[in-house]
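Student: I would like to go through this structure with you and ask what lies behind each label. Could we take the terms one by one?

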Amino acid sequence: MSQTSTAAAPSNLSRLWHKWRFHLNILLLLIPLGFMPKYFADVALFRGESGLGEREIGEIQVGPWSLRLAEMRNEAPRSDGPAGYLKSFNAALCQACIEPVKATYLRIGKPRSLRAAGVIFFGSPYRMGASLPIPEKTKADSELWITMEGWDGSMHQASIPLSQASPATVAWLEKQGGKR
């Protein structure tokens, strides 16, 4: 007795899959490599290996102390839902300031008191971060105020123009001016 094979011939789709599956898998491995440079740039920025931020503002003298200030990203403030629009800044205290400085604050407009000093910087003194709320009705010629509080109770303040600290925010504010 002879036995005949009744297996069906493979379909066109099956043949195409078997022929190209290796190439598709290689493609799936190569696509993420295109995103790696941006990923590594972001990781270096967050670790502090590429400075404090995308746009360093420079050394700012606050009374007897000083700090280096940088804009985290050179872009317009981002909406954070009910919190409004936020802009991220990083700072690093000078080496001699690390011990005597208790806290560092950031605010748009001159603070009335230490209770209204603004948002506090958090993190190590070598790389602190703060997310500053940017009200939509802020004027483009506003100033960014830095308040530093010492362990001895002393308080020192300095200001820089918002246009120097974040040109992207000033451009965003001017664009918002037409929407008010």
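Student: What makes the disulfide of Cys94 and Cys97 right-handed?

Tutor: The torsion about the S-S bond of Cys94 and Cys97 is about 75°, so the disulfide is right-handed. Before we go on, please note that this is a predicted model, where local features need pLDDT of at least 70, side-chain atom pairs count only at pLDDT 80 or more, and totals for chains, interfaces and linings use all residues. Residues are numbered from 1 along each chain as its sequence is written, and side-chain values use heavy atoms, with hydrogens and water left out.

Student: How do you know that Cys94 and Cys97 form a disulfide?

Tutor: A disulfide is a pair of cysteine sulfur atoms within 2.5 Å. The sulfur atoms of Cys94 and Cys97 are 1.9 Å apart, and the pair is a disulfide. By this rule the count comes to 1.

Student: Why is Cys97 called buried?

Tutor: Buried means under 20% relative accessible area, exposed over 50%, and partly exposed in between (1.4 Å probe, protein chains only). Cys97 has 1% relative accessibility, so Cys97 counts as buried.

Student: Why is Leu28 called exposed?

Tutor: Leu28 counts as exposed because its relative accessibility is 58%. Leu28 sits in helix H1, residues 12-30; helices (H or I, at least four residues) and strands (E, at least two) are DSSP runs, numbered from the N terminus.

Student: Which nonpolar surface patch includes Leu28?

Tutor: That patch covers about 990 Å², and its residues include Trp17, Trp20, Leu24, Leu28 and Phe35. Patches are made of residues with over 30% relative accessible area and no salt bridge; like charges are joined within 9 Å, nonpolar side chains (Val, Leu, Ile, Met, Phe, Trp, Tyr) within 5 Å. The areas come from the Shrake-Rupley method with a 1.4 Å probe, and for residues only the protein chains shown count as cover.

Student: Where does UniProt place the feature "transmembrane region"?

Tutor: The unreviewed UniProt entry puts it at residues 20-40. UniProt positions are given in the numbering used here, feature names are shortened, and annotations may be inferred rather than shown by experiment. In the model, residues 20-40 are 76% helix and 0% strand, with the end C-alpha atoms 32 Å apart.

Student: What makes Glu71 and Lys87 a salt bridge?

Tutor: A salt bridge is a side-chain nitrogen of Lys or Arg within 4 Å of a carboxyl oxygen of Asp or Glu. For Glu71 and Lys87 the closest N and O atoms are 2.8 Å apart, and the pair forms a salt bridge. The two link distant parts of the chain, 16 residues apart, with Glu71 in strand E2 and Lys87 in strand E4 (residues 85-93). Glu71 has a relative accessible area of 0%, so Glu71 is buried. Lys87, at 3%, is therefore buried too.

Student: How many salt bridges does the structure hold?

Tutor: There are 4 salt bridges. One of them joins Glu56 and Arg68, whose closest N and O atoms are 3.9 Å apart. Glu56 lies in strand E1 (residues 55-62) and Arg68 in strand E2 (residues 65-71), so this pair ties together parts that are 12 residues apart in sequence.

Student: Are Glu56 and Arg68 buried, exposed or partly exposed?

Tutor: Glu56 has a relative accessible area of 37%, so Glu56 is partly exposed. Arg68 is at 35%, so Arg68 counts as partly exposed as well.
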